[in-house]
Structure formats: structure tokens, C-alpha cells
Amino acid sequence: MSVLVYGAAGILTLLALGWTLWHGVHEGGVALAFGGLVAVGELARWGAGGSDREPAPLGAAGALAYALLGEVGGRTTHHGVLQVIAVVVAAALVGAVPHVALGKGPALDHVARRVLTVGFAAACFQPLYNAGKLEEWVGQGPAFAVVIAALLVLTALCDAVLAAAMAHARTLPHSLKGMGGTPLPFGPILRDELRAMLGIGSAVCATGAVMALAVAVAGLWALPVFSLPLLLTQLSFGRYAAVRTTYRQTITSLARSTEIAGYTPQGHARRVAGLSRAVGRELGLSEPDLAVLEYAALMHDIGQLSLVDPVPAGATAFLPDAEQRRIALLGGAVVRQTGVKGDVAVVVERQADPYREQPLTARIVRAANAYDEMARGEGPTGPLNALERLRLGTGRDYQPEVVEALARVLARGGHSLPSAG
């Protein structure tokens with residue numbers, strides 16, 4: 001799927017650039033203004049774009065506004081679909097030059113999706129507008145603004161489908177291709193993308209619509225006025241992303257303290273966190289819940305630091321219930337002292353409770369931790385034996401739905417097996 005998306009975006013880009021070079025640029029001043037806005041948005045992007053839903057929202061809003069532009073200050077424009085794509089691509093390349101020089105260029109996924117979604121919006125709007133059909137059907141009043149908003153919603157849905165399809169294709173590990181591995185189901189990924197649209201995606205669409213309508217009435221002077229709020233929002237989100245990264249690094253460092261002290265095996269917390277997040281996604285948890293789940297899984301063993309004598313191999317799943325709960329409560333107390341969110345501490349505290357009394361996140365951590373401990377050092381049959389033991393414990397210790405979700409995650413591969421020791 002990724003190859004098809006890259007190929008379609010590449011062909012469309014070459015066609016647009018070739019056509020524009022051959023026929024020239026219509027309304028050069030307008031193209032320069034919107035191209036400059038897209039370039040500024042790319043310059044102000046946060047991160048490398050590998051994990052953010054939309055790392056350059058100002059650039060995306062400017063591109064969408066140009067795709068849906070029919071007038072400038074009451075004068076009809078004549079640029080077409082291919083010129084829109086050519087201007088957006090050229091401006092994005094200019095804005096990306098400093099990031100590329102620093103080794104932080106935009107991800108190919110974002111570039112390909114930008115080309116296709118902008119092309120989709122322009123193809124839906126420009127031919128109908130230039131032929132006079134839109135004015136004939138809805139006029140220039142409120143109905144026209146509704147049409148613009150509807151086109152932006154369709155464009156956002158198109159982008160979400162593309163993003164989900166590409167993520168779906170990436171979840172098939174290279175080591176399992178052709179050997180029975182299956183990628184993560186498309187539905188949960190698309191659901192995450194649609195949820196993400198409610199955040200920065202809605203701001204991008206709203207700003208793009210307002211820009212296009214404002215420029216049609218007031219001219220190009222409307223661009224800086226309506227782009228400034230989104231630019232400030234973008235810079236604020238960049239700072240928030242930096243704080244979030246630091247927060248996660250702090251939690252990861254705290255989680256490694258049990259490994260450094262010799263209470264738990266190397267990589268145990270990381271494996272449990274990876275499995276827990278994958279199982280949570282399989283069960284349809286939202287992104288905020290997945291973040292809490294991952295942090296709790298990373299810190300689930302931190303209560304062992306309060307023990308005088310370490311648990312052999314750090315395997316708490318084999319301890320008596322009362323001892324498991326005591327360690328879990330100690331861990332929750334430690335987490336609360338670190339300043340980590342209270343939701344994380346609750347999951348750590350509740351991980352040893354009977355599963356019918358636990359929140360879903362605690363059930364997931366308990367099952368993932370038990371699997372890692374049971375499969376450790378058991379050889380090739382360890383994972384199968386561990387899953388069988390978890391299934392036998394579903395009457396009391398583990399929720400059946402969580403165990404089966406864990407089994408599906410493991411069947412797809414992509415998670416390292418516990419090593420001996």
C-alpha cells in the first residue's frame with residue numbers, strides 16, 4: 001500500500017511540475033503569497049514528522065486554502081489543480097531545506113499524503129468553480145461556505161484513510177512477510193486517525209476554510225491576519241511536544257532503575273510496555289489511555305525497589321497474592337512521589353487485584369507482565385506454554401478478552417521474545 005501511495009504522489013508531482021513549467025504560473029503574486037505561507041509553515045514544523053499527526057499545520061492550512069481558492073479580493077482566479085499541487089510541493093521543498101540540512105527532513109508519509117490530499121481538495125473544487133457550476137448551484141452566500149467546509153471534511157477523511165492504510169501496511173514485520181504474519185487490523189488504526197482529526201486536524205481545516213473565504217473578500221492581506229493564530233498554536237504545540245518527550249524520557253529512566261539495581265531482568269519493562277500498548281490498541285483504547293497504559297507498564301515493577309530481598313528473577317507473577325498486592329501498592333506510592341500522573345499510579349497499584357475488580361489498563365499490564373515472566377528462558381516452547389498458562393488462569397487471574405488480544409498481537413509478531421536470565 002505504501003508503494004502505491006508513494007507512486008501515485010510521485011507521478012502526480014511530476015505531472016504537476018511539468019505542466020506548470022510548460023504553461024507558466026497563473027496569478028504569480030497569489031501563487032507566491034500562498035507558496036510563501038506553506039514554506040513558512042514547513043520552516044516552523046516541529047520534529048521530523050515521523051510521529052506527529054500533522055507536524056506542519058500552518059503549511060497544511062495554507063495548502064488547503066490555495067486548493068479551495070476561487071477569488072482574490074473579488075477577482076476570479078484561474079489557477080487549476082496541477083498548479084495548486086506544483087506550488088504546494090515547491091514551497092514545501094523550500095521550507096524543508098533547513099530541516100534536511102539538519103538531518104530532520106519531513107517523513108515521506110507526510111509528503112505523499114500532503115500531495116494526494118491537496119490534489120483531492122483541488123480536484124473537487126477547482127474544475128467546478130472555474131466552470132461556474134458551484135456559483136450556479138449554491139451561489140456566493142452561506143451555502144458556498146458550507147460547500148467549502150464539506151470539502152474540507154472529505155479531504156480530512158481522505159487523509160485519515162491514507163494515513164491508516166500506510167500504518168496498516170507498516171505493521172507487518174519484514175521478518176514475517178510471506179510466512180503467515182498479519183498486519184494490525186485496519187479498523188483500530190483508522191479509529192485512531194479519526195480521533196486525531198478532532199485535535200489539530202480540525203484547526204487546520206477551519207483555518208484553511210477561513211483563509212480561502214477571507215482572501216476571496218479582502219484579498220491577500222487576509223493571509224497574515226488569519227495565519228498568525230495557527231502559527232502561534234503550532235509553536236505552542238511544539239513546546240508541548242518537547243515537554244512530552246522529556247516526560248517520557250524521565251519515566252523510562254525511572255523504569256530502568258529496577259534493572260540497574262538488579263531487581264528485574266534487562267529489557268523486561270520495555271517488553272511489557274510494548275506488549276501492553278499493542279494489546280491496548282487491539283482492544284480499542286484511545287490514545288490518552290494508551291499513554292497511561294504504556295507509562296504504567298514501564299513502571300509496574302518499581303515497587304520492588306522497596307524490598308529488602310529481591311524477588312528471584314523479578315518474577316512477581318509467581319508470588320502469593322498478598323505479596324503481589326503489597327509490591328503493587330508500594331509501586332503506586334513510589335509513582336505518586338515522582339510527580340507522574342495519578343492515573344498511572346492507579347494502574348500500578350491495581351495491577352495485582354483480582355481482574356474483575358481492575359480497570360482494563362491494569363488487566364492488560366498484569367497479563368503482559370505475566371506472559372513475559374512465564375515465557376522467559378523457557379526455550380522455543382516458552383511463548384506457547386506461557387499463553388496456555390494465561391488461558392488456564394482466565395477463570396480468576398486474567399481477563400479472557402485480554403489474553404486473546406495478547407495472543408493475536410503475538411501471532412502477528414514484531415515483539416521480541418524474553419531472553420533467558
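**View 1. The largest nonpolar core of the predicted model.** Of the 49 residues in the largest nonpolar core, those that touch the most other members are Phe34, Tyr66, Leu68 and Phe125; such a core is a set of buried Ala, Val, Leu, Ile, Met, Phe, Trp, Tyr and Cys residues joined through side-chain atoms within 4.5 Å. At least two residues of this core come from each of α2 (28–43), α3 (57–67), α4 (81–101), α5 (108–130), α7, α8 (186–218) and α9 (222–260), and α8 supplies the largest share, eleven residues. Helices are DSSP runs (H or I, at least four residues), numbered from the N terminus. This is a predicted model, in which local features need pLDDT of at least 70 and side-chain atom pairs count only at pLDDT 80 or more, while totals for chains, interfaces and linings use all residues. Residues are numbered from 1 along each chain as its sequence is written, and side-chain values use heavy atoms, with hydrogens and water left out.

**View 2. Surroundings of Tyr66.** Not counting residues up to four places away in sequence, Tyr66 touches Val30, Ala31, Phe34, His79, Gln83, Val84, Val87 and Gln126, where contact means heavy atoms within 4.5 Å.

**View 3. Asp353 in its loop.** Asp353 is found in the loop between α13 (342–350) and α14 (360–375), and is buried, with a relative accessible area of 14%; buried means under 20% relative accessible area, exposed over 50%, and partly exposed in between (1.4 Å probe, protein chains only). With residues up to four places away in sequence not counted, Asp353 touches Arg325, Gln358 and Arg366.

**View 4. Leu154 in helix α7.** Leu154 lies in helix α7 and is partly exposed, with a relative accessible area of 42%.
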